[in-house]
Amino acid sequence: MATTKDYGIGEFDFPRGWFMIADSHDVGSDKPLAVRYFGRDFALYRGKESGKVVLLDAYCPHMGTHMALNSTSYVAQDGPIEGDSLRCPYHAWRFGADGKCNHIPYSSGPIPPAAKVRSWPVKESMGAVFVWHDPEGGEPEWEAPFLSEWDEPNWVRWDRIDDLGTINTHPQEIVDNITDAAHFGPVHGSRTRYFENEFKGHLAIQRMAGGHRTLAAEGGPLLVTEAIYNGPSILITRMSGLYDSYIFIAHTPVDDGSTHVWHSLLVKTAKGGAATDEDRAAAKMFSDMALAAFAQDFEVWKYKKPCLTGMFVQGDGAFLKQRAWYKQFYNPRAMKQEFLKQVEGIHVPRGMQAFPKDHAELAAA
Ligand code: FES
Ligand SMILES: [Fe+2]
């Protein structure tokens, strides 16, 4: 398992950005959910009063109890969530959504100001819970992910997000995929004709068009994808071919060198009207096909050894540019421009054609 330091990415072990931490369905008001990301433990729950999701550091400042890993204490059995607050299972101190202790049942003295845990900025969007993680503690630099098609009746939403679990792979290996022009043929059976990367601020974009063994019909329209990393961890790919769809892939560091991965698909109905049962069945089938395609990448990541430097050749894609782009998230914000000035712009690997500005050219290709 290689760490951020082994890759020489930057000062911070974990990056700045929005990160998925849970499927919304798993976050309720009966009991908190124990989650671990960025080498930290958290308690995640839904406030009963506001219905809003709350993420607190897990360990109680009183005596260090993990507030989400208890089922036997009477506090836990009776329901530790009161309003938007959470009670610790050990001596029943209660913490608000802001992380401050607001009740100590047996003590009439004042609540010490230091009786608080860190409360993290969270946002629920498209059936997922996201946290803004920033080693410097700054405000979000961009919006949490949202697709307006999520609210349109002619798009079939994902129900649950496919949870692929945690792998002992550093997120760098996953982000490498955005520049990996040469893996499409061998891994996915796609005949890539057009391929380019663009780096722009916190966005890394891959535009690609070609035939595909499973996701585009033989002799039919090309599979056209535009994949955008909106920050270091959320990849949303617009795909047209068999169906118009968005692939949502999220990955979040668990410890330094391990990563949790999710995948799902938002699919436009075939005829464009409100989604029918038939559309939902077709979307489910297409989503499973896309998951199978993603599993092809996932299997490689799961068993490969870390690529700390790589041996890149002509035609490989802009890996080194991408790795420099990725450093902006592991270093102080003030250093961002240093990385961006090395990488911003469009990069086309040798032997590939740049993506045409006009989609009509693709249809004729
Ligand atoms: S350890 Fe949490 S209330 Fe005592
Ligand atoms: Fe891939």
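Reader: In what order do the 4 strands of the open sheet sit?

Author: Keep in mind that this is a predicted model. The 4 strands pair in antiparallel fashion. Read across the open sheet, the order is β5-β6-β7-β8.

Reader: Which strands stand at the edges, each with a single partner strand?

Author: An edge strand here has one side left without a neighbour in the sheet, because a single strand partners it. That applies to residues 81–82 and to residues 101–103. So the edge strands are β5 and β8.

Reader: What is the bridge partner of E82 in β6?

Author: β5 and β6 (residues 85–87) run antiparallel and are joined by 2 bridges. Look in β6 for the residue bridged to E82. You'll land on S85.

Reader: How far apart in sequence are the parts that R46 and E124 tie together?

Author: R46 and E124 form a salt bridge, with their closest N and O atoms 2.8 Å apart. R46 belongs to strand β3 (residues 40–46), while E124 belongs to strand β10 (residues 122–125). The pair therefore links parts whose separation in sequence is 78 residues.

Reader: How many salt bridges does a search of the whole structure find, and what is the count between domain 1 and domain 2?

Author: Domain 1 spans 12–133 and domain 2 spans 148–364. One contact to look up is D26 with R160, whose side chains meet in a salt bridge at 2.7 Å, N to O. Searching the whole structure gives 23 salt bridges, and between domain 1 and domain 2 the count is 3.

Reader: What area is buried between domain 1 and domain 2, and which residues of domain 1 lose the most?

Author: The centres of the two domains, taken over C-alpha atoms, are 33 Å apart. About 2,200 Å² is buried between them, with carbon and sulfur atoms giving 59%. On the domain 1 side, 34% of what is buried comes from three residues together, the ones that lose the most: R16, M20 and M126.

Definitions and conventions:
Residues are numbered from 1 along each chain as its sequence is written. Chains are lettered from A and ligands numbered from 1 in the order in which they are written. This is a predicted model: local features need pLDDT of at least 70, side-chain atom pairs count only at pLDDT 80 or more; totals for chains, interfaces and linings use all residues. Side-chain values use heavy atoms; hydrogens and water are left out. Domain bounds come from an automatic or database domain assignment. Buried area is the accessible area (1.4 Å probe) that two parts lose on being put together, summed over both. A salt bridge is a side-chain nitrogen of Lys or Arg within 4 Å of a carboxyl oxygen of Asp or Glu. Two strands pair if DSSP finds at least two bridges between them.
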